[in-house]
Amino acid sequence: MSDDKKIIFSGMQPSGLITLGNYLGALNNWTKLQDEYNCLYCIVDMHAITVRQNPAQLRKASRDVLMQYIASGLDPEKNIIYYQSHVSAHAELSWVLNCYTYMGELSRMTQFKEKSQKHADNINSGLFTYPVLMASDILLYQTDLVPVGEDQRQHLEITRDIAMRFNGIYGDVFKVPEAYISKVGAKVMALQQPEKKMSKSDENKNNTIALMDEPSIIMSKFKKAVTDSDNEVRFSDDKPGVSNLLSIYSAVTGITIPEAEKEFANVGYGNFKTSVGEAVVARLEPLQKRVADLEKNKDYLDSIIKINGEKANHLANKTLRKVHKKIGFPPRV
Ligand code: TRP
């Protein structure tokens, strides 16, 4: 990593399937950052176990994220893409930072409140201290910028609070990170409930398009997408379903929304939805093919995991050593 570039860090849980929303809202934009910034993309398997996971599925999902990241165009030689569990400094820093985080702060996290309702039979302490692990992820790499969605803003705020608190006691140990707000990137809404965001944890699979969905599935989900009753393809706040389809179409084809409105001016919703589906299928096809190729290339993937894991370990340990020294742990001789 060159010293003159800012550092970007982001994490994704290997749970659920990466969606078109993740792709158009995040991944696709990240590919444009890889020359200007030093980027780390962490597959946060340690966060994932705060809710029960099936081991075989977790292992597969982690590898799937890695492959889909690479297939989306993130160059694994320019970006450090790695598994959180392969860098033990995340757990180690997390312990330390737990001792600098207050129960009261963690109790205010809306995601904790939501998840403890959803998983009422498993309100474990990992779920509670989840934001501290996330803070550790970010702070270990002296991160400047974190691309986060609205739902993670509170976690980024607490990360900043923890960093400033620690720096206040021990001097400048951590870079205090900021949110990275992308200028481009579409916000993709749920196909059946266009007033909410498309989310990979959505239980209604007709709400989401997974990057690896087969063409026939993609077509049928778009055909079922919710629109409205006035049969006019126009972008407008009071037409959330149609507007969402228009912005998906625009994002995957590069055609502007006004141009798309013209294209579909005298077209019924049925044909409009078919065209959007076809455009998405065409966009995802090469990506799906790259994943299929990667799947066959175990040695290549293994080498990526190893090399990037080593790079991440090296960077993370530098910060961890500094932290240990500051808080008074005995030096290793
Ligand atoms: N909590 C994030 C989510 O569920 C994932 C995450 C973990 C993350 N560590 C991170 C995101 C660090 C950004 C930076 O979406």
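Visitor: Okay, which residues are around the ligand?
Guide: Keep in mind that this is a predicted model. The residues around the ligand are Phe9, Ser10, Gly11, Gln13, Val44, His47, Tyr130, Met134, Asp137, Ile138, Val146 and Gln152.

Visitor: How many of the shell residues are nonpolar, polar or charged?
Guide: The shell around the ligand has six nonpolar residues, five polar and one charged.

Visitor: And which element gives the most to that shell?
Guide: That's α7, with four residues. Both β1 (7-12) and α7 (125-140) supply at least two residues each.

Visitor: Which polar side-chain atoms lie 2.7 Å from a nitrogen atom of the ligand?
Guide: Tyr130 has one at 2.7 Å from a ligand nitrogen, and Asp137 has one at 2.7 Å from a ligand nitrogen too. For Gln13, an N or O atom of the side chain is 3.3 Å from an oxygen atom of the ligand.

Visitor: How much of the ligand's accessible area does the protein cover?
Guide: On its own the ligand has 370 Å² of accessible area, and the protein covers 89% of that.

Visitor: New topic: at what angle do α3 and α13 pack?
Guide: About 95 degrees, with the axes of α3 (residues 55-71) and α13 (residues 298-327) 12 Å apart. The two helices are therefore roughly perpendicular to each other.

Visitor: Which residues make the contact?
Guide: From α3 it's Arg63, Leu66, Met67 and Ile70, and from α13 it's Lys298, Leu301, Asp302, Ile304 and Ile305. By class, the contact has six nonpolar, no polar and three charged residues.

How values were computed
Residues numbered from 1 in each chain as written. Predicted model: local features only at pLDDT ≥ 70, side-chain atom pairs only at ≥ 80, totals over all residues. Heavy atoms only, no water. Near = heavy atom within 4 Å. Polar contact = N/O pair within 3.5 Å; in protein donor to acceptor, adjacent residues only side chain to side chain. Areas by Shrake-Rupley, 256 points an atom, 1.4 Å probe, with all protein chains shown as cover. Nonpolar A, V, L, I, M, F, W, Y, C, P; charged D, E, K, R; others polar. Axes fitted to C-alpha atoms, helices over the stretch in contact; angles between N-to-C directions. Parallel < 35°, antiparallel > 145°, perpendicular 65-115°, else oblique. Contact = heavy atoms within 4.5 Å.
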